[in-house]
Amino acid sequence: MIPPTLSFLLFTAVTLIAAASAHFPVSGDIPTFREAQAFRNGKECRRAAWSAVGADHNPAVIHIAMTLDATYLRGSVAGVFSVLQHASCPENIVFHFIATTHRRPELRQTIAATFPSLTFRLYYFDSNLVRGKISYSIRRALDQPLNYARIYLADLLPATVRRIIYFDSDLIVVDDVAKLWSIDLGTHVLGAPEYCHANFTNYFTRRFWSNPSYAASFKGRDACYFNTGVMVIDLMKWREGKYTEKLENWMRIQKRNRIYELGSLPPFLLVFAGDVERVEHRWNQHGLGGDNLEGLCRDLHPGPVSLLHWSGKGKPWLRIDSKKPCPLDSLWAPYDLFRHSSSVSSVFTDS
């Protein structure tokens, strides 16, 4: 059931989906986007200092990390647009983008042209860091090196960045991101919505559970599933605890013994499950992309919504372009800045 606060988006955007044509970039091309309007701070916003170091230390600044590549760029741009549109102090947000491709200059130019007022940095992620540690999973997209970049945020970002929100590229935010940023992590390294009703044993193979030393890794922990597409991370604690090394260790074990099936998620569960600061479920209404095999349509989970996440195989831009959208994909459509053909663009601007 769709909450009343979102129903208006569903009905006003459904026309956009019905009119959308299958115009998406050829594989490898960098898509183009319409320029977003400039978003300005309200009078209540604390002024941010934008010197190279000052912004990192300024408590008024919100740091958000996302990955960039040609395949998911349309989703990333929609995500950024949604954050800015709902932020109370959009000029106080710094985006930290991570890319592996040699086409980083083109990606930088695309982001700068789409969001002329955006403060952002672009970092290079060396895929060789994980080449020998990745084992195949049930969906090819989960095997891409960039999917593992979230493990290396503490190394990629400057030491002066002490806290970060990590967002996947297939989500939109429909609330003020400052609310998520301000959560108290307490003694925890990481905060995320937990889903303790999920069958935790399904995330690991029989080989894992039949090995006493592996299974004992959860001993004494009230381990629950959490989705790594939305995380608030204390980078200082991460660095001090050498959590990148701990995650890498499980990736090496996986390479030898095949103890899980799902890309970069299980190492996070192995290291952090049961030691996560619980965030309200409203901040990750995940699974809207269906499962990892078929990507069928799904409904929202009960309760309020601050973030919609199309985790799973089905991505809203692909389903829209193929003229086979799911009902909730219309909630994503208003944030899509992809430059369509003139006939489709007129529908977006006239509605």
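**Exercises on disulfides and cores**

The disulfide of Cys-45 and Cys-89 is left-handed, because the torsion about its S-S bond is about -95°. The model is predicted: local features need pLDDT of at least 70, side-chain atom pairs count only at pLDDT 80 or more, and totals for chains, interfaces and linings use all residues. Residues are numbered from 1 along each chain as its sequence is written, and side-chain values use heavy atoms, without hydrogens and water.

**Exercise 1.** Determine which parts of the chain Cys-45 and Cys-89 tie together.

*Solution.*
1. A disulfide (a pair of cysteine sulfur atoms within 2.5 Å) joins the two residues, with S to S 2.0 Å.
2. Cys-45 lies in the loop between α1 (4-19) and α2 (54-57), and Cys-89 in the loop between α3 and β2 (93-99). Helices (H or I, at least four residues) and strands (E, at least two) are DSSP runs, numbered from the N terminus.
3. The pair therefore ties together parts 44 residues apart in sequence.

**Exercise 2.** State whether Cys-196 is buried or partly exposed, and do likewise for Cys-224.

*Solution.*
1. Buried means under 20% relative accessible area, exposed over 50%, partly exposed in between (1.4 Å probe, protein chains only).
2. Cys-196, at 42%, is partly exposed.
3. Cys-224, at 4%, is buried.

**Exercise 3.** Identify the residues with the most contacts inside the largest nonpolar core.

*Solution.*
1. Such a core is a set of buried Ala, Val, Leu, Ile, Met, Phe, Trp, Tyr and Cys residues joined through side-chain atoms within 4.5 Å.
2. The largest has 56 residues, and Ile-64, Phe-95, Phe-97, Phe-115 and Phe-167 have the most contacts inside it.
3. Helix α3 (residues 73-86) supplies its largest share, seven residues.
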